[in-house]
Amino acid sequence: MRAPRGSDLWVLLAVWAGLVALFGAFGPGFLSAATFGSVANRIPALLLTATGMTLVMVTGGIDLSVGSVLGLCGAVVGVTMVDAGGGLAAALAASIAVGTALGAANGLVSVKLRLPSFIVTLGMLEIARGLAFLTTHSQTKYIGAAVEGLGTPLAGLVVSPAFLIALAGVAAGQGVLSLTVWGRHLVAVGANAEAAAIAGIDVDRPRIWAHALLGALTGVAAVCNCSRLGSADPNAGVGFELSVIAAVVVGGTSLAGGRGSVAKSFLGVLIVATLEAGLVQLGASEPVKRVVTGGVIVAAVLADTWRRRA
Amino acid sequence: MRRLVLVAALAALLGGCQPSPPKPAPGSAARPKVALVMKSLANDFFATMAKGAREHQAAHAADYELLVLGIKNETDLAEQVNLVEQAVAQGAAAIVIAPADSKALVPALRRAQQQGVVIVNIDNRLDADAARAAGLSAAFVGPDNRDGARRVGLALAARLHPGDEVAIIEGVTTAFNGQQRRAGFEDAMQSAGMKVVAVQSGEWEMDKANGVAANLLTAHPGLKALLCANDNMAIGAAAAVAAAGKTGAVQVAGFDAIAAIRPLLADGRVAATADQHADQLAVFGIEQALATLRDGHPAGDRATAVDVVTR
């Protein structure tokens, strides 16, 4: 195992800068505050979940249920604010509680019963989506101004409070991973669980907590999404888990565990979101967008791997 | 021990698969069984459709038995084919189906028809060439999506000036109804003299459409309207318009008239949408099927209403 170094960031930064330069050269309105704002305000949910997913993947686990849990937490926000007449604070609390509970369930079942988290969270993907449809009766809930504050760009700034919250989440996640004992335990458990156990580390608890933390962050992410759209859509987040995992993997986190960086996952999210914005602005068709996005994901991982070997 | 349990479980399972009692010949029962085969029941639109059908059956309980079947997600063709076969096995006299694909369902439906089951096609029209080639004849009951979208587009155009720039956010590009709505929007914009500067897919999703709309507004600062192929995407687009500080300056249109769009219609953030009367769609299909069973000859196609809603 090698400690993550700040210099590893430059490859991803270069990929991102390259994309920005490329789109700037071909898209007349691309290099503008409006583009920056639309990218920044679109990614809070992805940033928060990618932060949690990085911690889970560092321990060697994975969570395929984030998209469905995002949908369910959004449904909870909708029901809390529309049907129960609650405020934003109550909705946030309920969303975090549900997200944490499902995340903890993922962690407990996979770790304590020694089942692969891939399988357990695949089951949760179905359960949470079904619950999202049940709680909303399959109907989109329109919430309106009461929830929109977090997603509305701040006066004088192009970014929303939700983006600032997500940035704080990324910073805290990186801090926990690289500066705290618990963070080092996550890496140790993921790199070699047996060695970690011999060294006297409780190998179960960090993994369970990582799953629970991801659930909690997904709860916050759901509120960010609802506030941007002013509504709760029970279909929200279908396929979202793949975007999250793609961003984390582009950021160099190993699927086998033992290595990962939240800051680099942040750059992974930025690369994927910038690509999406640029391709729409250039007028690329849906199939072309998919082909290019897939290609860039593989290229970014390759660039990072080569840099690591060099 | 564990193996024993497994063997016992298998035996129980196999026991469950023993030949079922001979099924009655289709249509011979006192009350004919009508199977309603839908797309995803998790979708508001189809949930409403199923509800309308159940209410109709409750009011006409003496006339027929209803079997409502739905697939998990809208693209799961294999599961829908399976549902058709199950409906036949359960002795359905008629199948009323909203096909998930215009072509892929044709062979399964033809097999059902050959066994004497009456087929009525609702919502999404089966491909005419594929049906003819297979020898399948099914009455179609459903809305004209293209004409509906054209009229929504014209209602929106009334708020614009000829030559204004507009963009279309379409659904999943392979869906026939999505293609029809896009074509209808294009018809309206052409006849009203608007300039369509971009067509992008929002894949029927609120969040996807929100991202697409935000970038379209940046790339085309002169944009005056966003035409969305369903209401979820219209809600996402309206949020992007608000985030760009352009509420009122950029008009938004949708399709489907779901409940969540009403507040946006009320304050003008969404200018127009279309109501396809989902609750009646399945009912008309069932009535068509019952008429065919009663009269013994196939009933014709039936167009259902699409109303433009602007407030």
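By class, four nonpolar, four polar and one charged residues make up the lining of the second largest cavity, where Ala, Val, Leu, Ile, Met, Phe, Trp, Tyr, Cys and Pro count as nonpolar, Asp, Glu, Lys and Arg as charged, and the others, Gly among them, as polar. The model is a predicted one, in which local features need pLDDT of at least 70 and side-chain atom pairs count only at pLDDT 80 or more, while totals for chains, interfaces and linings use all residues. Residues are numbered from 1 along each chain as its sequence is written, chains are lettered from A and ligands numbered from 1 in the order in which they are written, and side-chain values use heavy atoms, with hydrogens and water left out.

**Cavities and a pocket**

On a 1 Å grid over the protein atoms alone, a cavity is a set of points where a 1.4 Å probe fits but cannot get out, whereas a pocket is an open set with protein on both sides within 12 Å along at least five of seven lines, and lining residues have an atom within 4 Å of a point. Grid points are joined across faces, edges and corners, and a volume is the space filled by probe spheres set on the points. By this rule there are two cavities of 30 Å³ or more.

| Space | Volume | Classes in the lining |
|---|---|---|
| Largest cavity | about 100 Å³ | seven nonpolar, four polar, two charged |
| Second largest cavity | about 60 Å³ | four nonpolar, four polar, one charged |
| Second largest pocket | about 540 Å³ | 17 nonpolar, 10 polar, five charged |

The largest cavity is lined by 13 residues, and those nearest its centre are A:Asn225, A:Cys226, A:Ser231, A:Asp233 and A:Ala236. At least two lining residues of this cavity come from each of α4 (66-83), α11 (204-229) and β2 (231-232) of chain A and from α8 (206-219) of chain B, the helices (H or I, at least four residues) and strands (E, at least two) being DSSP runs numbered from the N terminus. The largest share, four residues, is supplied by α11(A).

The second largest cavity is lined by residues of chain B, including B:Ala238, B:Val241, B:Thr247, B:Gln251 and B:Arg269, and α9 (231-243) and β9 (251-253) of chain B each give at least two residues to the lining. Of the 32 residues that line the second largest pocket, B:Ala239, B:Ala240, B:Ala242, B:Ala243 and B:Ala244 lie nearest its centre; α2 (33-42) and α11 of chain A, together with α8 and α9 of chain B, each supply at least two residues of that lining.

**Helix pairs in chain A**

The axes of α3 (residues 44-58) and α11(A) come within 8 Å and cross at roughly 175°, axes being lines fitted to C-alpha atoms, for helices over the stretch in contact, with angles running from 0 to 180 degrees between N-to-C directions. The two helices α3(A) and α11(A) are therefore roughly antiparallel to each other, a term for angles over 145 degrees. By class, their contact has 13 nonpolar, six polar and no charged residues.

The axes of α8 (residues 161-179) and α13 (residues 262-282) of chain A come within 8 Å and cross at roughly 145°. Here A:Leu167, A:Val170, A:Gly173, A:Gln174 and A:Leu177 in α8(A) meet A:Val262, A:Ala263 and A:Phe266 in α13(A), where contact means heavy atoms within 4.5 Å.

How values were computed: Parallel < 35°, antiparallel > 145°, perpendicular 65-115°, else oblique.
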